[in-house]
Amino acid sequence: MKATKTESEISILLNELRLRVPTTQAKIAASLNVSLPTISRWASGKSQPDNRALISLKSYVEALGVEFADLLERLGGTKAQTIDEVRE
């Protein structure tokens, strides 16, 4: 199955995050309260997070600080239009 643009962006974001923090998929999974296989599927582009998971991922990246703003912009390029709608 070919990855969609959204899946590719999430995959790139997760892989860049792991390199820059540095952290592991297991630590990200624990922080987002999802399983390790779930993070692995997102990182490989085999599946994508739902809106609630995107909100958690955005909050996780925001908590890391302003030096990760570019990752938030990338996250904004995915399902971002619906992230703020879900919060409301």
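Which residues in α4 are buried? They are Ala53, Leu54, Ile55, Leu57, Lys58, Tyr60 and Val61. Keep in mind that what you're looking at is a predicted model. Here's a quick tour, starting with that helix.

**Helix α4**
- Helix α4 runs over residues 51–64, so to speak a stretch of 14 residues.
- From its first C-alpha to its last, α4 reaches 20 Å, close to the 20 Å expected at 1.5 Å a residue.
- Look at the start of α4: a side-chain oxygen of aspartate 50 comes to within 3.3 Å of the backbone nitrogen of arginine 52.

**The nonpolar core**
- The largest nonpolar core has 18 residues, and the ones touching the most other members are Ile10, Leu14, Ile28, Leu32, Trp42, Leu57 and Val61.
- Helices α1, α2, α3 (36–44), α4 and α5 are the elements that give two or more residues to this core.
- The top giver is α4, with five residues.

**Glutamine 25**
- You'll find glutamine 25 in helix α2, which covers residues 25–32.
- Is glutamine 25 buried or exposed? Glutamine 25 counts as buried because its relative accessible area is 18%, and the cut-off for buried is under 20%.
- Skipping neighbours within four places in sequence, glutamine 25 is in contact with Arg18, Leu36, Ile39, Ser40 and Ala43.

**One salt bridge**
- Side chains of opposite charge can pair when their charged atoms come close.
- The count of salt bridges here is one: the side chains of arginine 20 and aspartate 70 meet at 2.8 Å, N to O.
- This pair links distant parts of the chain, with arginine 20 in helix α1 (residues 5–20) and aspartate 70 in helix α5 (residues 69–76), 50 residues apart.
- Arginine 20 is partly exposed, at 33% relative accessibility, and aspartate 70 is partly exposed too, at 38%.

**How confident is the predictor?**
- The chain averages a pLDDT of 78, and 77% of the residues score at least 70.
- Among the elements, α3 has the highest mean pLDDT (94), while helix α6 (residues 80–87) has the lowest (44).
- Over residues 1–5 the pLDDT is below 50, and this stretch has five contacts in the model beyond near neighbours in sequence.
- Residues 78–88 also stay under 50, and there the model has 22 contacts beyond four places in sequence.

Technical notes. Residues are numbered from 1 along each chain as its sequence is written. This is a predicted model: local features need pLDDT of at least 70, side-chain atom pairs count only at pLDDT 80 or more; totals for chains, interfaces and linings use all residues. Side-chain values use heavy atoms; hydrogens and water are left out. Helices (H or I, at least four residues) and strands (E, at least two) are DSSP runs, numbered from the N terminus. The expected span of a helix is 1.5 Å times one less than its number of residues. Buried means under 20% relative accessible area, exposed over 50%, partly exposed in between (1.4 Å probe, protein chains only). A polar contact is a pair of N or O atoms within 3.5 Å; within protein, one must be able to donate a hydrogen and the other to accept it, and residues adjacent in sequence count only if both atoms are side-chain atoms. Contact means heavy atoms within 4.5 Å. A salt bridge is a side-chain nitrogen of Lys or Arg within 4 Å of a carboxyl oxygen of Asp or Glu. A nonpolar core is a set of buried Ala, Val, Leu, Ile, Met, Phe, Trp, Tyr and Cys residues joined through side-chain atoms within 4.5 Å. pLDDT is the predictor's confidence in each residue, from 0 to 100.
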